[in-house]
Amino acid sequence: MRETAYAKLNLALHVRRRREDGYHELETLFAFCEHGDVLSAEPAERDEVRTVGEFGGNVGDPGDNLVARALSELPHPDGLAITLEKNLPVAAGLGGGSADAGAVFRLIERVHGLPDDWQDRALKLGADVPACVRSEMSVGRGVGEELAPLENDLAGAPVLLVNPRVALSTGPVFNAWDQEDRGPLPEGTARAIAMQGRNDLEAPAVSICPVIADVLAALRETKPMLARMSGSGATCFALYDSDQARDAAAIEIATHQPGWWRMASVLR
C-alpha cells in the first residue's frame, strides 16, 4: 500500500487571542498540495518505521516520530512495516509530520477502518493532524482542530513551494508575535479568503529568519496571483493562473537561488 502525505499550506493564518492554556486561538484556511511525502506499508510481525529520502535523516528517532506515534494510537490487529519517503523539509510550515500522521490514519482506514473517536486520537498527536487526515480544503479554528468545509474554487490551482533550507521552530515565532489581534478571517470562498486574508506569523518569522523576506520577494517577482508564507515558516508559496507560469517561476527561482528547495504542485 502507498499513501501520499499531502503537503499542508496555510493560505491564510490569523492569530487571535492567547488562551489560558498557553495556546493561541487561530483562524486558518487549510489547503493541501497533490504532492508531499510518500508512505509505503506492508504486513509485518510488528510495527516498524524506517525513513528514506532527501530529508529522511531529519525526522528524529524512527521509533518515536509522528508516523510511529500514529501507528500506536490506532488499533490494528497485525503489524505494519512503513517506509517514509521524506520529500518535505522539516520544521518548514508544511505540516510534514502531521501530514505523515494523517497518511497513517488513511492507511489504517483502508484496511481496518477508523475508530469513532479518530479525531480525538488525531488531535493528541498535534493540532494540524485532524485536518491532515482528510487533507481537504477547510477553515480551521480553535488551535486548528475545529474544521469547517467551504466552497473550494482553488482546486487545481498551480502552486510553487520554496524553502530556503532553514528549519524554523513554531515556538519562537509565536513568541515573537506582537500579540495584536488584527481581526477575523474573511468570509467567502477559498479564493476570496486567501486573497483577502493574511499570515500574522509572517512578520515575526521574518524577524527571526530574514531570508524569508528574500524568498517572498523572489516569488513576487514572478507575478503570481498570491505569494505568502505558510504556517510559521520558513516555506513560502505562490499561486499561479497556469501551469506554464508556475513552471517558468520555478526555473527562474532555480536559476537565481539554486540552493533553495522547490516543489511544483497543484492544490487539491
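Reader: Which residues line the second largest pocket?

Author: Happy to start there! In this predicted model, the second largest pocket is lined by Trp118, Gln119, Pro130, Ala131, Arg134, Glu136, Met137, Ser138, Leu147, Ala148 and Pro149. About 150 Å³ of space lies in it.

Reader: What makes a residue part of that lining?

Author: A lining residue has an atom within 4 Å of a point of the pocket. Helix H3 (118-125), helix H4 (129-134) and strand E6 (146-148) each bring at least two residues to the lining of the second largest pocket.

Reader: Which element gives the most to this lining?

Author: That is H4, with three residues. By residue type, the lining of the second largest pocket splits into seven nonpolar, two polar and two charged. Arg is counted as charged, and Arg134 is one of the residues in this lining.

Reader: Let's stay with Arg134. Why is Arg134 called partly exposed?

Author: Its relative accessible area is 33%. Buried would need a value under 20%, and exposed one over 50%. The value for Arg134 falls in between, so Arg134 is partly exposed.

Reader: Which residues is Arg134 in contact with, leaving aside its neighbours within four places in sequence?

Author: They are Glu109, Trp118 and Arg268, where contact calls for heavy atoms within 4.5 Å. Trp118 also belongs to the lining of the second largest pocket. As for Arg106, it is 28 residues from Arg134 in sequence, with 8.1 Å between their C-alpha atoms.

Reader: And what does the largest pocket look like in numbers?

Author: Its volume is about 960 Å³. There are 44 residues in its lining, and Lys8, Ser98, Asp128, Thr170 and Ser232 lie nearest the centre. Two or more lining residues come from each of strand E1 (2-18), strand E2 (24-44), helix H1 (66-73), helix H2 (96-112) and helix H5 (170-176). The lining of the largest pocket holds 20 nonpolar, 19 polar and five charged residues.

Reader: How do you know that Arg198 and Asp200 are joined by a polar contact?

Author: Their side chains come to 2.6 Å, and the cut-off for the N or O atoms of such a pair is 3.5 Å. The pair is within that limit, so the name polar contact applies. Arg198 itself sits in the loop between helix H6 (190-196) and helix H7 (202-208).

Reader: Is Arg198 buried, exposed or partly exposed, and what makes it so?

Author: Its relative accessibility is 22%. Buried means under 20%, so Arg198 counts as partly exposed. Beyond its neighbours within four places in sequence, its contacts include Ala12, Leu13 and His14. Ala12 is 186 residues away from Arg198 in sequence, yet 5.0 Å from it in space, C-alpha to C-alpha.

Reader: What makes Lys223 exposed?

Author: Its relative accessible area is 68%, and over 50% is called exposed. At 31%, Ala91 is partly exposed instead.

Reader: Which residues does a cis peptide bond join?

Author: Gly233 and Ala234, with omega about 10°. Most peptide bonds are trans. You can find Ala234 in the loop between strand E8 (226-229) and strand E9 (236-239).

Notes. Residues are numbered from 1 along each chain as its sequence is written. This is a predicted model: local features need pLDDT of at least 70, side-chain atom pairs count only at pLDDT 80 or more; totals for chains, interfaces and linings use all residues. Side-chain values use heavy atoms; hydrogens and water are left out. Helices (H or I, at least four residues) and strands (E, at least two) are DSSP runs, numbered from the N terminus. Buried means under 20% relative accessible area, exposed over 50%, partly exposed in between (1.4 Å probe, protein chains only). A polar contact is a pair of N or O atoms within 3.5 Å; within protein, one must be able to donate a hydrogen and the other to accept it, and residues adjacent in sequence count only if both atoms are side-chain atoms. On a 1 Å grid over the protein atoms alone, a cavity is a set of points where a 1.4 Å probe fits but cannot get out, and a pocket is an open set with protein on both sides within 12 Å along at least five of seven lines; lining residues have an atom within 4 Å of a point. Grid points are joined across faces, edges and corners, and a volume is the space filled by probe spheres set on the points.
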